[in-house]
Amino acid sequence: MRILASDGIEKGAAKRLAEAGHEVVQQFYEPAELAEQVKHFDVLVVRSATKVRKPTIDAACETGMLKLIIRGGVGIDNIDHEYAQSNGIKVMNTPRASSDSVAELALAHMLSVARFINISGHTMREGKWEKKAYKGIELGGKTLGIIGYGRIGQALGRRAQALGMKVVAFDIFKIPELENENMRYADLDTLFAASDFISLHTPSIDGKPLINADTIAQMKDGVVIINTSRGNNVDEAALLDALNSGKVYGAGLDVFAEEPAKNAALYSHPRVSCTPHIGASTSEAQKRIGAEIVDIITSFA
């Protein structure tokens with residue numbers, strides 16, 4: 001089969017696919033050009049940079065060659081998946097591969113915000129020694145609210161409990177066996193009111209932010225907000241206002257409403273720990289994602 005990996009693919013996976021007789025093309029295309037290119041491929045593999053919307057799917061249907069779209073990652077909200085599947089194009093993802101890496105990054109941001117790791121290292125490189133300015137907080141004994149308690153949320157929850165945190169989780173689907181003395185499910189109102197840290201691990205819901213001025217008002221003073229899910233899950237203007245007022249102690253952000261990020265006031269804020277959407281960017285995660293992609297294509301073929 002002809003496979004277009006528009007956001008690249010792990011080299012070991014590309015090698016295995018080639019050895020199996022498939023042609024792998026690694027090339028990013030802007031939407032208009034992508035719509036032309038997909039007409040000539042059996043499989044489209046994307047990560048987060050490529051958006052597969054209705055015009056691209058309509059173009060693919062002109063030749064009927066495209067039969068499979070794979071999202072190398074967890075969410076598939078960058079693909080109009082229902083429309084694709086209604087047109088006979090199967091959509092799959094690799095939900096297990098990057099859970100640990102994203103959970104570890106969320107935890108890293110929690111520690112970075114709590115102990116000023118991001119900003120204090122930056123000021124040291126400016127020749128400053130501002131020891132007295134960076135009196136932080138501990139994670140142990142605090143309550144972590146996790147919105148979206150799927151694979152990534154659970155992976156973060158286990159790590160947080162190991163550090164002595166209490167976990168309050170919200171999810172549409174509950175697994176009672178996961179509850180214990182340090183982890184319980186709750187509704188969103190309870191989670192907002194009870195949490196010292198809040199971490200988002202849910203897909204975008206109709207593009208509406210889960211974290212906005214109203215929900216921030218429900219939270220504790222001095223809350224820490226972590227987002228490694230989708231940028232539009234957070235109202236960036238409301239978050240910036242809350243950071244400036246002190247309502248929000250700090251924020252850890254791996255995703256932004258617009259990427260590459262343009263909101264310099266937010267990502268350069270001294271109480272923001274930021275990364276450029278690298279949740280799944282570990283060697284281990286990329287190898288697992290690549291292996292899952294190979295398995296999917298091999299089974300499909």
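In the predicted model, a salt bridge joins the side chains of Arg 159 and Asp 100, with an N to O distance of 3.5 Å. Arg 159 belongs to helix H7 (residues 151-162) and Asp 100 to helix H5 (residues 99-115), so this pair links distant parts of the chain, 59 residues apart. Arg 159 is partly exposed, at 22% relative accessibility, and Asp 100 is also partly exposed, at 33%.

The search of the whole structure gave 12 salt bridges. One of them connects Arg 2 with Glu 23, where the closest N and O atoms are 2.9 Å apart. Because Arg 2 lies in strand E1 (residues 2-5) and Glu 23 in strand E2 (residues 23-26), the pair ties together parts that are 21 residues apart in sequence. The relative accessible area is 26% for Arg 2, which is partly exposed, and 38% for Glu 23, which is likewise partly exposed.

A further salt bridge is formed by the side chains of Lys 247 and Asp 221, at 2.8 Å from N to O. Both residues are in loops: Lys 247 between helix H10 (236-245) and strand E11 (248-253), and Asp 221 between helix H9 (213-218) and strand E10 (223-227). The two positions are 26 residues apart, and the pair links distant parts of the chain. Lys 247 has a relative accessible area of 19%; since buried means under 20%, this residue counts as buried. Asp 221, in contrast, is exposed, with a relative accessibility of 66%. Salt bridges also link Glu 36, Lys 39 and Glu 62 in a network.

Strands E1 and E2, which hold Arg 2 and Glu 23, are also part of a sheet. This open sheet consists of 5 strands in the order E2-E1-E3-E4-E5, and the pairing is parallel. E2 and strand E5 (90-93) are the edge strands, each pairing on one side only. From one strand to the next, the twist averages 20°. In general, the strands of a sheet pair through backbone hydrogen bonds, in either a parallel or an antiparallel arrangement.

Strand E4 (residues 68-71) pairs with E5 in the parallel sense, over 4 bridges. Within E5, Met 92 is the residue that stands opposite Ile 70. Helix H12 (residues 283-300) lies across E1, strand E3 (43-46), E4 and E5. Relative to E4, helix H12 runs at about 165°.

Notes
Residues are numbered from 1 along each chain as its sequence is written. This is a predicted model: local features need pLDDT of at least 70, side-chain atom pairs count only at pLDDT 80 or more; totals for chains, interfaces and linings use all residues. Side-chain values use heavy atoms; hydrogens and water are left out. A salt bridge is a side-chain nitrogen of Lys or Arg within 4 Å of a carboxyl oxygen of Asp or Glu. Buried means under 20% relative accessible area, exposed over 50%, partly exposed in between (1.4 Å probe, protein chains only). Two strands pair if DSSP finds at least two bridges between them. Axes are lines fitted to C-alpha atoms, for helices over the stretch in contact, and angles run from 0 to 180 degrees between N-to-C directions. Contact means heavy atoms within 4.5 Å.
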